[in-house]
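Open the model in your viewer and keep the selection panel at hand. The stops below go from the whole chain to single residues.

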Amino acid sequence: HSAPILLEQGDPWKPSLMGLCASVLGRDGTGEEGLELLDASLAHFQANQVHWWDAELYRIKGELLLTGGARTADDGEACLLQALDIARQQEARSLELRAATSLAGLWRDRGKEAEARDLLRPIVQWFPDDLTFADLTAAKRLLEALDVR
């Protein structure tokens, strides 16, 4: 696999690149390869004390695990919870928003609408009303859909 070769190069943007590559692999139907890439990346970054993108890598891993069926759904949820926890520890609000949106979507699908609303609402409300960006728009749409139910 190409993960070890890609990880050998000393690029400071490498964590975000690895996450992007894993996401693309997941969208192309090769989620197992995406998971392998993420696992290799997380191990590499852990060993090298590079943690600034951990929350997003765990979120992506959770999303890929959720596409694997019931067998990996609990592992996917655990990764999303870990992503949320890391983002909160790092006070990375946009990554917290991404993780919370993914987790709230999962909870909505599992019939836990109240929990999803309770998770997502305070994070969305933290951002100024006049601020717009794709992740915030997606979170607001999900919150609106949860409020309708």
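The tour starts with ground rules and then moves from stop to stop.

This is a predicted model: local features need pLDDT of at least 70, side-chain atom pairs count only at pLDDT 80 or more, and totals for chains, interfaces and linings use all residues. Residues are numbered from 1 along each chain as its sequence is written, and side-chain values use heavy atoms, with hydrogens and water left out.

**Stop 1: the whole chain**

Switch to cartoon. The chain has 8 helices and 0 strands. Helices (H or I, at least four residues) and strands (E, at least two) are DSSP runs, numbered from the N terminus. In sequence order the pattern reads α-α-α-α-α-α-α-α.

Now colour by accessibility. The chain has 149 residues, and 42% of them count as buried. Buried means under 20% relative accessible area, exposed over 50%, and partly exposed in between, with a 1.4 Å probe and protein chains only.

Turn to contacts, meaning heavy atoms within 4.5 Å. Among those with a separation of 6 or more, 53% join residues 24 or more positions apart.

**Stop 2: the largest pocket**

Select S23, G26, R27, R59, I60, E63, L64 and T67, which line the largest pocket. Which elements give two or more residues to this lining? They are α2 (14-27) and α4 (54-66). The largest share, 4 residues, comes from α4.

The volume is about 150 Å³. A pocket is an open set of points on a 1 Å grid over the protein atoms alone, where a 1.4 Å probe fits, with protein on both sides within 12 Å along at least five of seven lines; lining residues have an atom within 4 Å of a point. Grid points are joined across faces, edges and corners, and the volume is the space filled by probe spheres set on the points.

Colour the lining by class: 2 residues are nonpolar, 3 polar and 3 charged. Ala, Val, Leu, Ile, Met, Phe, Trp, Tyr, Cys and Pro count as nonpolar, Asp, Glu, Lys and Arg as charged, and the others, Gly among them, as polar.

**Stop 3: T72**

Select T72 in helix α5 (residues 70-89). T72 counts as buried because its relative accessible area is 9%.

**Stop 4: E96**

Go to helix α6 (residues 93-109) and pick E96. Is this residue buried or exposed? E96 has 6% relative accessibility, so it counts as buried. Leaving aside neighbours within four places in sequence, E96 is in contact with L84, A87, R88 and I123.

**Stop 5: the aromatic rings**

The structure holds 3 aromatic pairs. Rings of Phe, Tyr and Trp (its six-membered ring) pair if their centres lie within 6.5 Å; planes under 30 degrees apart count as stacked, over 60 as edge-to-face and the rest as tilted.

Show W126 and F127. Their ring centres are 5.0 Å apart and their planes stand at 90 degrees, so the pair is edge-to-face. W126, F127 and F133 form one aromatic cluster.

Check accessibility here. F127 is buried at 7%. W126 is partly exposed at 46%, and F133 is partly exposed at 25%.

**Stop 6: the cysteines**

Select C21 and C79. C21 is partly exposed at 26% relative accessibility, whereas C79 is buried at 8%. How many disulfides does the structure hold? The count is 0, with a disulfide taken as a pair of cysteine sulfur atoms within 2.5 Å.
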